Every structure is written in C-alpha cells, then in structure tokens.
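User: I am new to this structure. Please show me how to read its features, one at a time.

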Amino acid sequence: MVSENSGIKIAASILNSNFINLASEIKKVEKAGVEMLHIDVMDGNFVPNITIGPPIIECLRKNTRLFLDVHLMIKKPDRLLDSFIESGADLINVHAEECPHLDRTLNYIKQAGKKAAVALNPSTPLCFIENVLGLVDMVLIMTVNPGFGGQKFIHDMVYKIRKLKAMIEDYRIYSSNVKKCVDIQVDGGINIDTAPIVAGAGANVLVMGTAIYESDDPAEYIKKVRDKILMVKTI
C-alpha cells in the first residue's frame, strides 16, 4: 500500500534486525506502518557476507502478510530462482551484473507469477537495463556498495536516480511495452536526512534498516521521515 501523504513506500530491511528475535522484529515494523519487508540474500561471493536462504523466507511468509521483497545478492542467481519462487517471495530482485541473459531471467520470474526487479551496484551504469524496462516492476539503485548494513550513503547516486527517472519516463513515451509504473527503489544509508533527497530525485521505495531498528520508536521515526519528505516536496 502506498502512503497517502507522501506517495512513498517504506521497505524495512531485516539485515540489521535482531535475528534471535526475528518474529518480534518483523511484528515491530508491521506495527510501525511499513509496506514491505526487504530480505537481503547474500552468498559470501557476490558480496563479502552470508545471510539467509529460501527456508527462512518460507518461514517469514507463514508469519507475515507484508509484501516480501527478496534481493538476491548472489552469484549466478538463475540456478536458484525456483527455490526463491517457491519460498513465497512476492518480488525477486536480481543484480544485472550477474545475469548475462537478463531478459530471460526477468521473463522467467514474471512467468512464475512473481514481480520482477533488477538491481544495480553504484558503479554499474544504467545502460545495463535500458532494454529491459518493459519487463521490470522495480529498479533498485544501490546507494552503498552492497554486503553490509549501516554504511554511509553515496551522494553521487542522486544523479543516477534522476537519470533513471528520466529514462523510465522516456521509455514510457516511446515504447508501447510499458503500461505500468516502474518503481525506483533505493537501498543503503537511507534515513531521515537522506530520504527526502532520494525521494526528490525520483525514488519512491525506500529501504531502511539501521535507521528503523536503532530508533526508540520505529512508528514515530517512519512518520517523521514521511512528513519530512512531504515538507520538502511542497517547498
């Protein structure tokens, strides 16, 4: 569900949650009013960290009604797509850097009845995805180099977000394949200070982990983020 007062969706990343009490951590962000649960899958190869896999996602699916946004930061994701499709993911996000046949990969996800997204590392240019915009429901611009939570936001990515927004609008005008909105997601260093910046550049799905879980009152923090975005947009 899109927030009525800002048009922004908040995706709570579980990467920085307390995994010992994962069920209660998810309930916490549910009550705080997030729309999505962002699940980072890391294999220790594509990124220097290891997290969770399909069995945990399957457990999460049974215990939350939140939209499950599964971000595959893994080598050769095609070989494991079926496992993540069957786990109960609502959206599967693959990295363009690891999909030599990106068109085929995205089509496979869509044909399985899931939403499809593609992610780009900070140094990966937008030209990697300009010919698959008709297949994606969302594009993720990494605003840190992936692998760890709590990193500092890379401000150069603001320009990249603006370029992506313009690219999507241009594609919608000149291609009959685009009949829907393509969400722009950002992940990495998003907090009450950087959220208005990326929203102003065109992002509408904000992944927040550390900022939410380290706050004393997640619901109040998210409200302040939405209010600040709205205030900046109306200036």
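**Reading a helix and its contacts**

Analyst: Start with helix H4 (residues 102-111), whose buried residues are Leu102, Thr105, Leu106 and Ile109. Buried means under 20% relative accessible area, exposed over 50%, and partly exposed in between, with a 1.4 Å probe and protein chains only. Helices (H or I, at least four residues) and strands (E, at least two) are DSSP runs, numbered from the N terminus. This is a predicted model: local features need pLDDT of at least 70, side-chain atom pairs count only at pLDDT 80 or more, and totals for chains, interfaces and linings use all residues. Residues are numbered from 1 along each chain as its sequence is written, and side-chain values use heavy atoms, without hydrogens or water.

User: What covers the buried residues of H4?

Analyst: The cover includes helix H3 (81-86), strand E4 (91-95) and strand E5 (115-120).

User: How many salt bridges does the structure hold?

Analyst: A salt bridge is a side-chain nitrogen of Lys or Arg within 4 Å of a carboxyl oxygen of Asp or Glu. The structure holds ten. In one of them, Lys9 pairs with Asp183, with the closest N and O atoms 2.9 Å apart. Lys9 is in strand E1 (residues 9-13) and Asp183 in strand E7 (residues 183-187), so the pair ties together parts 174 residues apart in sequence. Both Lys9 and Asp183 are buried.

User: Which residue forms a salt bridge with Arg226?

Analyst: Glu35 does, with the closest N and O atoms 2.9 Å apart. Arg226 lies in helix H8 (residues 218-234) and Glu35 in the loop between H1 and E2, so this pair links parts 191 residues apart in sequence. Arg226 is buried at 8% relative accessible area, and Glu35 is buried at 11%. The side chain of Glu35 also reaches the backbone nitrogen of Ile10 at 2.7 Å.

User: Where does pLDDT stay under 50?

Analyst: pLDDT is the predictor's confidence in each residue, from 0 to 100. It stays under 50 over residues 1-5. Where pLDDT is low, the predicted coordinates should not be read in detail. The protein averages a pLDDT of 92, and 94% of the residues score at least 70.

Notes:
Contact = heavy atoms within 4.5 Å. Polar contact = N/O pair within 3.5 Å; in protein donor to acceptor, adjacent residues only side chain to side chain.
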